[in-house]
Amino acid sequence: MIRTVARATQWWYERAVKPVLFRWDPETVHDHALQFGAWIGAHPRLREMVAHGYAYHHPALTQELAGITFPAPIGLAAGFDKNARLLEILPAVGFGFAEIGSVTAVPCAGNPKPRLWRLPESGALQVYYGLANDGAAIIAERLRRRALCIPIGVSVAKTNAPSTAARAAGIADMVAGMRAVQGVGSYCTLNVSCPNAFGGTPFSDDSDALDELLQETDALRSAVPVFLKLPCDSTAEEFDALLAVADRHAVAGVIISNLTKDPQYPGIAVADRARLQRGGISGKPVAQRANAHIARTYARYRDRFVIVGCGGVFTVDDAYEKIRCGASLVQLITGMIYQGPSLIGQLHRGLVERLHREGFASIRDAVGSGVAGIHSSS
Ligand SMILES: Cc1cc2nc3c(=O)[nH]c(=O)nc-3n(C[C@H](O)[C@H](O)[C@H](O)COP(=O)(O)O)c2cc1C
């Protein structure tokens, strides 16, 4: 039943809905999708119908990581539900977890519009939102008033403003944001890799700056595990330096990775080059580099960090590759925009089929199975 509904809605989405939506301004479509999702989420009967048609559950997908029970490995990445509007509908669509935000200590209008573009030939988006959000305190209050059915991460970033550009001010701002969301959600992510904010990415460009930031966030003694969202475009050596710092602090997980801003734009189709505007790129152009960073992290640190793979997941093969590289959890946004919300259930079903085919009893056994020479359980 689920498979039939999911296939039918994906067919319908790709042939009828997407061609219409893709004629409109991307941010307007995003705003309408949020309103529609929140509206369905507020109606229990409709929510149930969505869950019945879309969500796929299987015990082989459940994992206990950093003290949190994740019912399934595919989650919503930060940036789609910045203001915690979709908390009711996300589990019904089939997500195993979701990340809210990024939120900032001070409410932020973000960068001037337009700030979101499609790169359809490349399976990508160009994003220049600049951390538009209602502010950490308001969003935390919204989260406090809701019953959360799946693990919810709250992503905290540095407020996008000139006043946070100096290192000390930036650290104080990140700490204030983190303090505002204490006590809500299941984990807290420090987003140190947003490529679209004033003053760039000081905490992922410089491992000493990251060290200073993490000393301050350690001092907060967060009640929930702290994850760190890492950049896509670092060299292997730069990435290793960031991981070495994270290893010395109370960082339970790493999310790999954020948007790419490589000026060469690898993976951008020729037909999309004329569409390029400004900001970071999501989707397929992120996948390969993110996977290399994931495999490198797993090879060196194994279970020291919960690895969350992110970037360019459109198919079961894409998600499974991240798991083989060492990710226990996988996040996405762009794949869902291109293929519709039925993608989530289809990925979970496909992962279970793949696990069975490869002789793994659970997702846990497949994690890191593609990283040469170090996987003990395969
Ligand atoms: C519209 C949009 C907004 C985003 N905003 C954020 C954000 O606020 N914080 C963050 O950590 N990542 C943000 N990202 C990056 C995503 O979380 C993710 O790392 C990236 O898009 C790669 O995943 P994908 O290819 O599945 O989209 C955003 C991405 C998109 C497409």
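Which residue in strand 8 is the bridge partner of Ser-155?

What we have here is a predicted model, where local features need pLDDT of at least 70, side-chain atom pairs count only at pLDDT 80 or more, and totals for chains, interfaces and linings use all residues. Residues are numbered from 1 along each chain as its sequence is written.

Eight strands close into it in the order 3-4-7-8-9-10-12-13, with parallel pairing. Going from one strand to the next, the twist averages 25°. When I say strand or helix, I mean a DSSP run, numbered from the N terminus: E with at least two residues for strands, H or I with at least four for helices. Two strands pair if DSSP finds at least two bridges between them.

Back to that partner: it's Thr-189. Strands 7 and 8 run parallel and are joined by four bridges.

Now, is strand 8 buried or exposed? Five of its five residues, 187-191, are buried, so the strand is largely enclosed by the rest of the structure. Tyr-187, Thr-189 and Asn-191 are buried on one side, and Cys-188 and Leu-190 on the other. Buried means 20 or more other C-beta atoms within 10 Å of a residue's own; exposed means 12 or fewer, partly exposed is in between, and C-beta atoms are placed from the backbone.

On to the helices. Helix 11 (284-301) and helix 12 (316-325) pack at about 25°, with axes 8 Å apart. Those axes are lines fitted to C-alpha atoms, for helices over the stretch in contact, and angles run from 0 to 180 degrees between N-to-C directions. So these two helices are roughly parallel to each other, a label for angles under 35 degrees; over 145 is roughly antiparallel, 65 to 115 roughly perpendicular and the rest oblique. Among the residues making the contact are Ala-287 and Tyr-298 of helix 11 and Lys-322 of helix 12. Contact means C-beta atoms, placed from the backbone, within 7 Å.

Last stop, the ligand. Of the 28 residues around it, Ala-77, Gly-79, Ser-102, Ser-282 and Thr-334 come nearest, where near means a C-beta atom, placed from the backbone, within 6 Å. Strand 4, strand 6 and helix 13 each give two or more residues to that shell. Thanks, that's my tour!

Conventions
Contact = placed C-beta atoms within 7 Å.
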